[in-house]
Amino acid sequence: MDSNFVQGLHALLTQSTANDTVQLKAATAQLNREYYKNPACIPALVQIVASSPDQSVRQLAAVELRKRVAQNSGDLWTQVAPPEREEIKGKLPDIVLAEPNNLVRHSTARVIAAIASIEIPLGTWPTLLPFVTNTCTSQSVTHREVAVFILFTVLENVVEGFEANQLGGLFVLFGGLLRDEQSEEVRVTTVRALGVIAQYIDADDKADIKAFQQLLPSMIQVIGQCVEAGNETGARQLFDVLETLLILEIPLLGQHIPQLAEFLITCGGNRNYDQELRVLSLNALNWTVQYKKSKVQSHNLAPALLEGLMPLTTEEEPEDIDDDAPSRSALRIIDGLATNLPPNQVFPALRTLIQRYFTSPDPNNRRGAMLALGVAVEGCSEFMTPLMGEVWPVIEAGLADADASVRKASCIAISCLCEWLEDECVAKHAILVPTIMQLVNDPSTQRSACTALDALLEILHDNIDQYLHLIMERLAGLLDTAPLAVKAVIVGAIGSAAHASKEKFLPYFEPTMAKFQHFLVLTGEGEEQELRGITMDAVGTFSEAVGKEVFRPYFADLMGVAFKGMEMGSARLRECSFLFFGVMAKVFEDEFAPYLPSVVPALVQSLQQAEHGEEEGLAVSTSDAVVSFASGTTPATAIPVDGATELDIEDLNIDLDKMLDVNSTICIEKEIAADTIGVLMANTTSHFLPYVEQCTVELIGQLTHYYDGIRKSSTDSLLEIVRAFYDLSGAQEWVPGASAAPLDPRVKELVGHVLQPLLDMYESEDNKKVVAGLCIGLAETISKVGPAFIEGKTEAIASIALQVLDQKAVCQQDPDQDEEEEAPEDSAEYDSILISSAGDLAAALATALGPDFTQAFPTFFAAIAKYYKKNRSLSDRSSAIGCLSEIIAGMKDAVSPHTEALLELFYRALSDPEPEVQTNACFASGLLIEHSTMDLSAQYLHLLAALRPIFEVPADAPSARFNARDNAVGAVSRLIKRNLAAVPLDQVLPVFFDALPLKHDFLENRPAFGAIFLLFNTQPQALAPYLDKLLQVFAFVLDPSGPDMVGDEVRAQLIQLIGLLNASHPAQIQATGLTAFLPGA
């Protein structure tokens, strides 16, 4: 080798380690120009790594050597003469063992791994693995540490190059290394190496899976040793391994989940450990609940986990909302347990703990109890509903607690309850509104109380009337005095007040806008930016409340404010502007069209922007890189060739979390942008046509985005565009059946572009909310566009519904659940939403295909009917019967062959303890009677007997009971219309008419009045005793001051009937005020 070449290279590397930017740039340029394109640089760098007396030069040489070997898939390495390559492969193991510095050893090990990635697949380095495995058992601790690190880095690069028998030998070797008593580094690196191997074990490799599982207890023990020793770097690396194992699709952890969960809750709960490491343990536990829920469920781990988590909820919370702490991690896990597991495994145990903690004299315990209750509501709301009588006293006591932190936590719990238990919270308004208003006045609880008030006002509807003046007076006053952060919450609450009060907000509109004006021009960051954004949201809500005529004077100016907000470099303000555009399009419709040329490009630009860590490369500042490079401390600062930036993530001595952090604010902005496109298309219709193609292409591109919110909103908007485009095509009403009338060619082309990417997305979609959104969107689009939408894709779309109903969709899979094992019948409440959405899709298919759904019906019936069982949740039982009723409505008489099976199921549902299920069962039974061609006369008395108890409703019963009775009226009406002779009128009519007029489900007035008209036409004498009652019912439904209860067709028939009755009963017609509906009146 040319010694001058080596010396020149060494000199330039030395110059590069000096703290002089000018020298650095000069050296970089010369190295790129004269050395790094020449294969001779590789043996020269090896020599420098082996012999340079300067550690920083050896370090930089090792980093550069790895880069040159790996460059262009090993192109430069293969240009080195074969004898020299063999010499280098022979020298490097000795060099790395002789190196005194750990950082240089690691960098040299990575050189070996880079060469191995080229040579091992070719079978040209047979001596490497024996050397490494032998050195792993060396008596020298340093040698073992180096060897296992080489093995780890080689595995990272070429694990697939190892034969199965070699892996078996590695498992034996690793078993010993995990117990290395002299070196924590050996043990930690061994776990990391096993984490790499795990990613390449195939589900069919039973021997490898078993061998790996036998090492898991030792791996968990090593993680515990790191935490106990306070080794944060090692612990972070090993928790990363653990998270990798949790998300793998092969069941490596299955049998050890109880042991793992116990270990993690013990680590997370130990207050003697470093807080960062406790949070890492709890985060891993959260992943365990998310990804191994079938094992957590089958072992019923929730009660024990909750017992360990509750003490953590009492710990101090950090001031900064972005800071993590054990208390926040614990609440996150409680939320995860509630949303991922059946509520009967979670809430009973949690309720006992909440009662215990809430009766404690320690306010921290009471605060923890309230926060735990709040986070559990989302996943347990249905289960909690009948238990709210026990929950409300705790909430009310919390709101009145002597300790401010408990009162604040109670306000947070109220916010959660309002979101998930709307009816129960509205029923308590007389207590909640005054109590929360008192807390709004208290500076110590003001912000939390305003948040709770915001959530409550959002759902109050007409009940707000009695409080509106007091609320607006109080909140308007606080706008002048409260700190900025509280003002933002107050503005949100005023927006919710407008939403609830609608036109009653008019007197407060202009004075409030006057107060809001200066919030809309704030330009500062942080709290000012948040206040401006929330004010923008509230103003949009005002427009919907007061209507476009009142809002029009503000429209143009506020659009200007929204555009300025977009230019301020804030993803949050862009998001608020996009939301505002969507609301303005809803309110002003065609009048919004002139803004489309400015708004649509902004939305598209938002979708096209790169996120932190994506496309733009990693956000490492030039100055940081220069400093690290110049000091020689960071092996990642290799000099790029031809200006190409190359960063070695593994050894970067900077904050990797910061570098790789997903910019969630940009993701949310994109989600809103995608959603807004659909809103604009739906509301500006033909004006949006010039943008359809560009927006469709852009949205299709977002279907593969890693953030589920963007995938869901893109799905929703794509299908919204299809529906709106179809409306614009002026198509005639479609006819059910597989032979569909052709679509407008432009609509067909759009469907062709949109539908296949959505089906492709589903195949790998692992998020339940996205799949539920897809099912609902497809159902709505099928219902709108008809059978032509599914032409050629019917089986694929039906397969989505069936897979979800059978719990076989990708998003429902748990790798630890055996393939032949049935999915558990007890499921999380969240899962019911997904199942219900699949039912909607099945019903839409039946509606579109009509009689051509007959062949698919038995398969769908079996898939749906299994959700009606006593141990299924209310949501599952209700949606199963509701879905079948919609399928009957779609198939009509084609359902006849399945009448008996359906009726048997509906009989059971009619006696369900829950009125919501009874409602759907009444409706379904009535539709089956109406459409089936079977003679069901023999079933009439049985059906009437099953319906009879539903008519008995106490005056103070909840509205769901009255709703069920209205649907029972509909069912009896259909019985009468189908076969009047089979109905014992003397027994039925008193009960039937006593349930009129319907006051909850006006849709059932159609069959009810159909039955009444039939009776007047065929058996008027049977109605004589009930005439006064019926005339009162007629007057009620025709009252012009009330809502439309019957529709135009029934109203016309009813007025005609009143005219006929007036001839024989004029006094009674006059007495009930019906003369106004007579001809000529």
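Residues V692, T696 and I700 of α36 meet L750, H753, V754 and P757 of α38, where contact means heavy atoms within 4.5 Å. This contact divides into 5 nonpolar, 2 polar and no charged residues. Here Ala, Val, Leu, Ile, Met, Phe, Trp, Tyr, Cys and Pro count as nonpolar, Asp, Glu, Lys and Arg as charged, and the others, Gly among them, as polar.

The model is predicted: local features need pLDDT of at least 70, side-chain atom pairs count only at pLDDT 80 or more, and totals for chains, interfaces and linings use all residues. Numbering starts from 1 along each chain as its sequence is written, and side-chain values use heavy atoms, with hydrogens and water left out.

Helix α36 spans residues 692-702 and helix α38 residues 745-764. Helices (H or I, at least four residues) are DSSP runs numbered from the N terminus. The axes of α36 and α38 come within 10 Å and cross at roughly 10 degrees. Axes are lines fitted to C-alpha atoms over the stretch in contact, with angles from 0 to 180 degrees between N-to-C directions. The two helices α36 and α38 are therefore roughly parallel (angles under 35 degrees).

Helix α32 (residues 596-608) also packs its axis within 10 Å of that of α36, crossing at roughly 25 degrees. α32 and α36 are therefore roughly parallel to each other. On the α32 side, V600, V604, L607 and Q608 take part; they meet Q694, C695, E698, L699 and Q702 of α36. The contact of α32 with α36 comprises 5 nonpolar, 3 polar and 1 charged residues.

Key:
Parallel < 35°, antiparallel > 145°, perpendicular 65-115°, else oblique.
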